[in-house]
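Work through the exercises below with the sequence and the model open. Each task is followed by a solution in steps.

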Amino acid sequence: MLPVQAPGVYAGGANVIAVLILLVEFGMFRQALLRDQVRLYASQSALIAVLAVLVGAVRHLPELYVLAAATVALKVVAIPLVLRRLLRETGPAGAPAAGADIAGSGGLGLASTVLIAIVVAAFGFFAAGALPISRSAAPVTALSVSLSVVLVAFVLMIQRQDVASQAIGLFSLENGISLAALVVAASLPLILEVALLFDLLLAVVVFGLLIRMHIGRAESLSTADLTSLRG
Amino acid sequence: MSILLPIPVVQLLQLVTIAGAAPGVSGVIARAEARLQGRRGPRVLQPYYDLAKLFRKEALAPEGASWVFLAAPVAAATCYLTVPLLIPVLTTYPLPLGYMGDILGGGFILALASFLVAVAALETGSPYAQLGASRAKTFAAITEPVVLFVVFTVALLTGTDLPYALAATVRSSAGQIIRPAHVLAAAALFMVILSETARIPVETHTGTNEFGMIEEARPFEHSGPYFALLRWGSAAKQLILYTILINVFVAPWGLAATRQAGAVLVAMIALPAKACVLGAVVAVIDSSFAKLRLFKITEFASAAFLLAVLGVFTLYLGGG
Amino acid sequence: MDVVAVVLLIVPAAAAITTFWLPARAAGAVTATAGIASFALAIALIPAVSRRDLALLGFVRIDALSVVFLLATGFVYACAAVYSIGYLQSAGAQGAAGQRYARRFWAGLNLFAWSMLAAPAMGNLALLWIAIEVTTIVSALLVALEGTDGAAEAAWKYVLLASAGLAIALLGTIFAYYAGAHVLGPSYNLAFGPLLRVAGHLPPTAARLAFVLAVLGFGTKVGLFPVHTWLPDAHSEAPTPVSALLSGSLLAVSFYAILRYYQITAAALGPRFPRDVLLVFGVASLLLAALYLLDQQDYKRLLAYSSVEHMGILAIGVSFGAPVALAGVLLHVLAHAAAKGNAFMGAGVLVRKFGSKRVSSVTGGLDLLPWSGPLFLAAVLALSAMPPFGIFRSEFEIVTGGLAASRNAAAAVLVVLVTVAFLGMSLAANRMLLTPRRDPAPARGEPSVWMVVPVAAGVVVLLVLGLHPPGELTGLLDRAVAALREPA
């Protein structure tokens, strides 16, 4: 096999940021405390903003700066704030704040889950590798990484058994899709991108309402009792 | 100076550098760690004095131990003297004996040394030594796949298995340094090195925490010159692994490109200096994190495995 | 005519805002007015799109296909609004809690209907996605409105699964953008018209990927197998008028999104690939629904699985591709909206009367409910494709189209599975309506007249659609079918 050519400094840097996003996604498997998961989500969104600035600087797309600013404002500041406030509320009868809760997890241990997630991420890499993508703003490896982030986020949502972790898993899935958008749709009109972000904020608010309702009913965040509707 | 050193001399200087600088690097790490923790710490050359003291002491062997018990430290030391011939220590060009083995060969020899010491520890019948030996082998088995994937990354990047080739590739352009495969492989290798050299978060290097000891428990029953050989051997292993990480992945500069005496001398000073910098980083990690509980070391290994596998993926499937 | 479209988009939103502050009775009146007005406005749009597509404000685009779905949504909105007046009255919730529930209910209903009316009017794919996302989050709150354990569980499952599916659909939208950017340049806005015009030049791999992701993603909201699992829970635990809207309109509007992607992909890749994909999903959904229908203990869940069945029939119909099949599909959208709305509303009457959602608890429906009983029976028969109702005509057209397109095996499978579904539904209906009451029975009589009128209207509509659809409607359907078969 011939020596592999280096892809260039920009491509290498962008790929490293993309891989860091994937690693943060894996990091969510490890974090047991919910507020740490919120922090990881904020750092993942910050990485996306950094990558947007990098792509905008190198490819001369000034709209991406605005997008990065909007991402920081919404996904790094506003949404974690909403989530933290939600988790900080005490449960009924003085139960401790939900933010310190350990995230409920399924039967598999951490190492096994990470191995399964690696297999799933591999599938994402293979799938993206089969796509002939030309003319992309960010390097194509980032697209493979974004598909892996989406798939690993699905594994995270399946494995976790409490509502807050599942919600954070869904938001990190949306981060993976934002990463894919940076690769293939970097010049999507700004107004559409901002509309998507505000739509995400709305969704977060609704999720928050439903989680609060769940806490009120079940006095915990666990979804282990959500088994009554079958068939 | 334009004295050209003959090749065998350069080869010998490689051995001398590793063998001589190894305890020094350990001393630097110990002092740095002590300083970080607010203590004065031992002097940097303390390990040399310890080794000298130990060579003067009497050697004892437990009853029932066979010749393996006494031969193992010597054999291990021999292995640790062989590996520096295979890796880029002082030069950018491969030396003749460097073709004896590639990265995998070097790995095999290091594993052989570890195996011999473990067998010797098992022979003693001491519970702590056996505990350490069995744990060390288990965790070595768990970190093996990581090393393999790092080797795969090296192989995919250069088309060969020779560490010299990868060092040359990394030196060739800035793009090679920042590509994710390279960064991930280096990070994975660093985590394996933390595990192999018995540092936090896998094990506390100093002190005798019996419930947590892995590597440190193996030389429990040796004494005298054999214990000195084992202590020196673990320091040499540490420096060899640091050398692989530094001279192949992270900072392959400062090596002699010619046989000129001046260049070789610069390399001989540069290598321990770089190793001390890496040692300072390790000392910072030592002082910042807590030791993992034993059953969580699999999580640590799986994290390293994740990094290594992602390195191969981004390279093989992503072209990065 | 542009005015009509603008008013149509504003009326439900205005109703949502006003009903949030009005007392319950006034809110009901406002909502019913808004619903009937919306339906009337949708009918008024039919002649407007007979000659050209409506495009205004840069992002609104209404063509014949959109009007079909606007009609369906408007009709169910009107019926549900009138029905809800009786539904809330007969619930008898008084005091502050009742007021709060009523206010949230009316405002939510209007907002939900507004989002479903906005979606078919959106002119580009990104806004379409956003509109459907808004429908998801509004309907999730409505599903949870009842406040029971089952409602909370159903709402959580619904919002999580539907949001995950819509995230996949967003990925599909992004790939569709990428495909279009190859031809239209980097800064176009996914507008539907230009995309259709250049569809022949889109890169095939990206178009294929975009279509599959869109079917999988929007299919989550449509209720296609295997991403339908939230549907029985959400539709059975929601308040009945909301269930009617969910089953009658929301599934259809999500299917509208799939139809738009079908249009683009068929123009880009040829019709064979999208039809195969839709056939697989359609048959799987139909099979699963037919089997589950045979053994249901909860009659609202039964109706939900019937929705899955009909969505599968829609997908299969599109996959046949013949003009008569496509006409059948669009007629089916209208007829299913009416029939499913009816069925759910009848089920709501049963819930109010007998106090339980279990099939075993309900007996003697025909005796005890002189109006709703026969109307519910008619609705169930309509759903099972019994003549002379509209669904018989639409399914007949679909099967005819299948045979015309030489898809004999698929058409045969369709007929067999629809029969199995009929068996399941009729078993339950028989147990509920036709067996005489043995236990101490509640008093004979309707809970509320408001709950009868919309159902009767729906049955009338079904009869009209089945016996003799009006000429303007067939003209509209023909124009929509022409749009689906070739790019504009």
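**Exercise 1. State how confident the predictor is in chain A and in chain B.**

Step 1. Chain A has a mean pLDDT (the predictor's confidence in each residue, from 0 to 100) of 82, and 88% of its residues score at least 70. This is a predicted model, in which local features need pLDDT of at least 70, side-chain atom pairs count only at pLDDT 80 or more, and totals for chains, interfaces and linings use all residues. Residues are numbered from 1 along each chain as its sequence is written, while chains are lettered from A and ligands numbered from 1 in the order in which they are written.

Step 2. Among the elements of chain A, the lowest mean pLDDT, 84, belongs to helix α7(A), residues 190-218, and the highest, 91, to helix α2(A), residues 34-59. Helices here are DSSP runs (H or I, at least four residues; strands are E, at least two), numbered from the N terminus.

Step 3. Residues 90-100 of chain A have a pLDDT below 50. Where pLDDT is low, the predicted coordinates should not be read in detail.

Step 4. For chain B the mean is 87, with 98% of residues at 70 or more. Confidence in chain B is lowest in α7(B), at a mean of 77, and highest in α2(B), residues 46-56, at 93.

**Exercise 2. Describe the side of chain B that touches chain A.**

Step 1. Count the residues in contact (C-beta atoms, placed from the backbone, within 7 Å): 27 of chain B meet 28 of chain A.

Step 2. Assign them to elements: α5, α7, α8 and α11 of chain B give two or more residues each. The largest share, nine residues, comes from α11(B).

Step 3. Sort this side of chain B by class: 13 residues are nonpolar, 12 polar and two charged. Ala, Val, Leu, Ile, Met, Phe, Trp, Tyr, Cys and Pro count as nonpolar, Asp, Glu, Lys and Arg as charged, and the others, Gly among them, as polar.

**Exercise 3. Find how α4(A) and α11(B) pack.**

Step 1. The helices pack at an angle of about 10°, with their axes 9 Å apart. Axes are lines fitted to C-alpha atoms, for helices over the stretch in contact, and angles run from 0 to 180 degrees between N-to-C directions.

Step 2. The angle therefore makes α4(A) roughly parallel to α11(B) (under 35 degrees; over 145 is roughly antiparallel, 65 to 115 roughly perpendicular, the rest oblique).

Step 3. Residues making the contact include L110(A), V114(A) and F125(A) of α4(A), and S302(B), L306(B) and F313(B) of α11(B). By class, the contact has 10 nonpolar residues, two polar and one charged.

**Exercise 4. Decide whether H60(A) and A198(B) are buried or exposed.**

Step 1. Locate them: H60(A) is in the loop between α2 and α3 of chain A, and A198(B) in the loop between α8 and α9 of chain B.

Step 2. Phi of H60(A) is positive, near 60°, in a residue other than glycine. A198(B), also not a glycine, has a positive phi of about 60°.

Step 3. Count C-beta neighbours inside 10 Å (buried at 20 or more, exposed at 12 or fewer, partly exposed in between; C-beta atoms are placed from the backbone). H60(A) has 8, so it counts as exposed. A198(B) has 22, so it counts as buried.

How values were computed: Two residues are in contact if their C-beta atoms, placed from the backbone, lie within 7 Å.
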